[in-house]
Amino acid sequence: MMHAVTSNGALLQLPPVKPFDAILARGILEFATDVVVAVLILAGFATIGISAMPDDLGGAATALVVTAGLGCGVGFVNAVLQTTLRSWDRVWNNVTRLLYFFSGIFYVPGMMPDWARDILAWNPLLHAIDWFRIAFFASYEPHWLDRRYLVVCAVLAVLAGLALERGLRRRLLSEPA
Amino acid sequence: MIALDAVSKTYRTRQGGLRVVFDRVSAEFPGGCNIGVLGANGAGKSTLIRLLAGSEMPDRGRIRRDGRVSFPLGYGGTFHGALSGRENIAFIARVYGADLRQTIDDVADFAELGSYYEMPVNTYSAGMRARLAFGACLAIDFDTYLIDEVTEIGDERFRRKCAYAFRERMRRSDIILVTHNTRTIRQYCERGAVLADGELRLFDDVASALDAYRRSGAVLQ
């Protein structure tokens, strides 16, 4: 979503198409792509006889949708920032690379020392991943999981993204000299 | 009718400086007549057209539009390079809510791209792109057409075809044209305007606009 505005100059020459449309369309495309990939992987496992379906399909889907909301909000923020700060993508990509380690993907929060988990629990993605994880493993009981925190973060991210788009709208529709 | 109300537009140059293109410009392009805007290179003609279209927004001020205003018809493409001419036209037709089949066929007829209609726009020459853009613009019913100095495209035959098509369309639609070519403005417009030093002055006829343009030191073509 980050380059939705900067790489769509020709599209945005059509006056009815607004930066908002381009950013949202990219967000929907990303989400649809990920859903298709997930379905293909699950179907692939099913055909070779491995049971990979989540026990709680509704829970997994809800976690995905809320996480997509967070991603969409952050995507809006990034797409707007990218138009003013041309190196923003490099900064963002390098900083968020750390999130692979800080979101409890490889190192399950249940195996972390308490003090480390208490700090990393500020990261909304850790909640997103554990919310998704418990839909697969009923025996996994993350007492630190705070669904409401993730929802609040997602809503705030969307609001921030929309506010930033509104505030800088005149700058978004401007050819660089 | 398109009205500019205290419109300001400034660009940041790569060197970090500022270039003021418009400073609190107010003007009204009335409906019912064709207006040609004269301006030297770099006076902000293309910026004006993009502002009028809404492809770009002013830093300050408002622009009001009555009726359907076209996208800017000019060298800068509104096309996606990886999509074919046909796919681009289909997209534009959907954006403007025009009949899909009809628009695709109309543009195919007008642009005369042959088998290139199915090829990515990246593979087009500048002239072919312009033909596609003219076709797209004419296939959709706009009340005001915004043209950025591209009446000199293609070969003689295609130019005549464009002139004819626009003349036909001008019975019910208006055009606003920016150019530094005096022949073009005489050919299409009843009223003129001059864009210079961040100011836009409208005149009741083309002759006085040309006069003012000449006095501003411009070399006429």
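Residues are numbered from 1 along each chain as its sequence is written, and chains are lettered from A and ligands numbered from 1 in the order in which they are written. Because the model is predicted, local features need pLDDT of at least 70 and side-chain atom pairs count only at pLDDT 80 or more, whereas totals for chains, interfaces and linings use all residues.

**View 1. Confidence of the prediction.** Chain B has a mean pLDDT of 88, and 95% of its residues reach 70 or more; pLDDT is the predictor's confidence in each residue, from 0 to 100. For the complex, the predictor gives an ipTM of 0.82 and a pTM of 0.86.

**View 2. The helices of chain A.** Chain A contains eight helices and zero strands, where helices (H or I, at least four residues) and strands (E, at least two) are DSSP runs, numbered from the N terminus. The C-alpha trace of chain A spans about 55 × 40 × 25 Å along its principal axes. Of its 177 residues, 28% count as buried. A residue is buried if 20 or more other C-beta atoms lie within 10 Å of its own, exposed if 12 or fewer, and partly exposed in between, with C-beta atoms placed from the backbone.

**View 3. The side of chain B that touches chain A.** In this region, 22 residues of chain B are in contact with 14 residues of chain A; two residues are in contact if their C-beta atoms, placed from the backbone, lie within 7 Å. Strand E1 (2–12) and helix H2 (85–95) of chain B each supply at least two residues of this side. Its residues divide into 10 nonpolar, seven polar and five charged. Here Ala, Val, Leu, Ile, Met, Phe, Trp, Tyr, Cys and Pro count as nonpolar, Asp, Glu, Lys and Arg as charged, and the others, Gly among them, as polar.

**View 4. Helix H2 of chain B.** Which residues of H2(B) are buried? They are B:Gly85, B:Asn88, B:Ile89, B:Ile92 and B:Ala93. Seen down the axis of H2(B), these buried residues fall within an arc of 140°, so they line one face of the helix; the arc is that of the directions from the helix axis to the C-beta atoms. An α-helix has 3.6 residues a turn, so residues three or four places apart point the same way. The buried residues of H2(B) pack against helix H3 (100–111) and helix H4 (126–139) of chain B. Just after H2(B), B:Gly97 takes a positive phi of about 65°.

**View 5. The nonpolar cores.** A nonpolar core is a set of buried Ala, Val, Leu, Ile, Met, Phe, Trp, Tyr and Cys residues joined through C-beta atoms within 7 Å. The largest has 61 residues, and those with the most contacts inside it are B:Val37, B:Leu52, B:Ala136, B:Leu146 and B:Leu177. H4(B) gives the largest share of this core, nine residues. Apart from this core lies another, of 29 residues, among them A:Leu12, A:Phe76, A:Ala128 and A:Ala154. Not counting residues up to four places away in sequence, B:Leu52 touches B:Ile2, B:Ile63, B:Val69, B:Leu146 and B:Ile176.

View 6. Six of the six residues of strand E6 (residues 174–179) are buried, so the strand is largely enclosed by the rest of the structure. B:Asp174, B:Ile176 and B:Val178 point one way from E6(B), and B:Ile175, B:Leu177 and B:Thr179 point the other way. In a regular strand the side chains alternate between the two faces of the sheet. Two strands pair if DSSP finds at least two bridges between them. E6(B) pairs in the parallel sense with strand E3 (residues 35–39) of chain B over four bridges and with strand E5 (residues 144–148) of chain B over five bridges. B:Val178 in E6(B) has B:Val37 opposite, and B:Asp148 also stands opposite B:Val178.

**View 7. B:Gly61 in strand E4.** B:Gly61 is found in strand E4 (residues 60–65) of chain B. Is B:Gly61 buried or partly exposed? B:Gly61 counts as partly exposed because 19 C-beta neighbours lie inside 10 Å. Leaving aside neighbours within four places in sequence, the contacts of B:Gly61 include B:Leu4, B:Val7 and B:Arg24.

**View 8. Helix H7 of chain B.** The buried residues of helix H7 (residues 206–215) are B:Val206, B:Ala209, B:Leu210 and B:Tyr213. Seen down the axis of H7(B), they fall within an arc of 100°, so they line one face of the helix. On the other side of H7(B), B:Ala207 and B:Arg215 are exposed.
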